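Sequence and coordinates are shown first.

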Amino acid sequence: MTTRAVEAWTLQPLVKFTKEAEARLVLLMTSAGQVMAQHGFSRAVEVMSAAALGAAIIASTAEMAKELKQPPFAALSHQGERHGIFLAGFGTPRGMLVALVVYDIEVSSVGLVQLFFEQFVADLQAACPKEGVPKQVLAADFERELSDSLKTLFGR
Amino acid sequence: MSLVNFTTREITCKIVYYGPGRSGKTTNLHYVYGRVPDARRGRMVSLATQTDRTLFFDFLPIDLGQISGFATRFQLYTVPGQVYYNATRRLVLQGADGVVFVADSQARQLDENLESLQNLQSNLLEHGVDVRAMPLALQYNKQDLPRELILSQADLDDALNFRGVPSFAADALHGVGVFETLKGISELVLKRLAAGSTA
């Protein structure tokens, strides 16, 4: 199973949580649906779809909570025939993050996931660097490469 | 906001296709999906009504390959165009790196285009983003319709393109202008990234 982190500080807490909760897939994302770390997905483009859906669910239920004049829901959980999902948002010094956890119901449970999730959040909050992300620099000729890439994609 | 990983040299950017209902936002994504090789795209996710109108969003991740040594991926989203879905439009706009405004070229749709453009400005402001600071491209779709029904690109530029941003005439159903629009917005987004300023 692959575990990858876009920001290195998320990796250790993610590996620890995945093992403890016996999760099948774990996805850590920003509230805008950008992937920060993941365990168990094989293709980057697939993990992006899951992140878009997870962030959308959290965003829409937060709006529902606003309508009810209450703080956002702490977590959401669904259990299917073979898998269950657990979805929750939480604050960090880098802003709000969202975690999506998928587990096999024969191996783990929502209780087990919840049991270790609080520690996962605490570990992430402790590991999160306080300073900002460095500015990114692309090479001056990126437009030619972009043009070539798009031409290849569209078969032109 | 785009996500950049210097260790693994990856860039992920979010581009939102915005515009009034039935202007062709989902059609743009369907065309892109149909033309991009399997290995370079993910599944197209559509949260739609039973009549296939976008309810929340459409989503298509594409892998552009290496740009300046970075594995570059774009997340393409559409919003629902109907006026009453504003709450979901605002949510989808969160964290956008660039916006493609898909206008319906039909003369009778001009008011809807203007209303949607104003709605874009207002929703961006709610996220603390000035529309003038957001990479934006305009696409004038349905230019294949009979001339007496549509406005020309010059007329639409006069009516909608206050900022003088790149604009593209299109017939998204047949792919005309779809590639050019995506290329246009991609350049704007990556130029902004290269300049080191983020939303």
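Phe142(A), Glu143(A), Leu146(A), Ser147(A) and Leu150(A) of H4(A) meet Phe179(B), Leu182(B), Lys183(B), Ser186(B), Glu187(B), Leu190(B) and Ala194(B) of H5(B), where two residues are in contact if their C-beta atoms, placed from the backbone, lie within 7 Å. By class, this contact of H4(A) with H5(B) divides into seven nonpolar, two polar and three charged residues; Ala, Val, Leu, Ile, Met, Phe, Trp, Tyr, Cys and Pro count as nonpolar, Asp, Glu, Lys and Arg as charged, and the others, Gly among them, as polar.

This is a predicted model, in which local features need pLDDT of at least 70 and side-chain atom pairs count only at pLDDT 80 or more, while totals for chains, interfaces and linings use all residues. Residues are numbered from 1 along each chain as its sequence is written, and chains are lettered from A and ligands numbered from 1 in the order in which they are written.

Helices (H or I, at least four residues) and strands (E, at least two) are DSSP runs, numbered from the N terminus. The two helix pairs are set out below, with axes as lines fitted to C-alpha atoms, for helices over the stretch in contact, and angles from 0 to 180 degrees between N-to-C directions.

| Helix pair | Angle | Axis distance |
|---|---|---|
| H4(A) (residues 142-153) and H5(B) (residues 178-194) | about 150° | 10 Å |
| H1(A) (residues 11-21) and H3(A) (residues 110-127) | roughly 170° | within 9 Å |

The second pair has H1(A) roughly antiparallel to H3(A), a term for angles over 145 degrees. On the side of H1(A), the contact residues are Gln12(A), Pro13(A), Lys16(A), Phe17(A), Glu20(A) and Ala21(A), and among their partners in H3(A) are Phe116(A), Phe120(A) and Asp123(A). This contact of H1(A) with H3(A) has nine nonpolar, one polar and three charged residues.

Chain A as a whole has four helices and six strands, which run β-α-β-β-α-β-β-β-α-α from the N terminus on. Its C-alpha atoms fill a box of roughly 50 × 35 × 35 Å along the principal axes. Of its 156 residues, 38% count as buried, that is, with 20 or more other C-beta atoms within 10 Å of their own, whereas 12 or fewer make a residue exposed and counts in between make it partly exposed, with C-beta atoms placed from the backbone.

The contact between the chains takes 41 residues from chain B and 35 residues from chain A. On the chain B side, the elements that each supply at least two residues include strand E1 (3-5), strand E2 (10-18) and helix H2 (86-93), but the largest share, ten residues, comes from E4(B). That side of chain B has 19 nonpolar, twelve polar and ten charged residues.

Which phi values are positive in chain B residues other than glycine, such as Arg22(B)? Phi of Arg22(B) is near 65°, in the loop between E2 and helix H1 (25-35) of chain B, and Arg22(B) is partly exposed because it has 17 C-beta neighbours inside 10 Å. Ser68(B), with a positive phi of about 55°, lies in the loop between E4 and E5 of chain B and counts as buried because it has 20 such neighbours inside 10 Å.

Leu110(B), in helix H3 (residues 110-126) of chain B, is in contact with Leu151(B) and Ala159(B) when neighbours within four places in sequence are left aside. The C-alpha atoms of Leu110(B) and Leu160(B), 50 residues apart along the chain, are separated by 9.0 Å.

Definitions and conventions:
Parallel < 35°, antiparallel > 145°, perpendicular 65-115°, else oblique.
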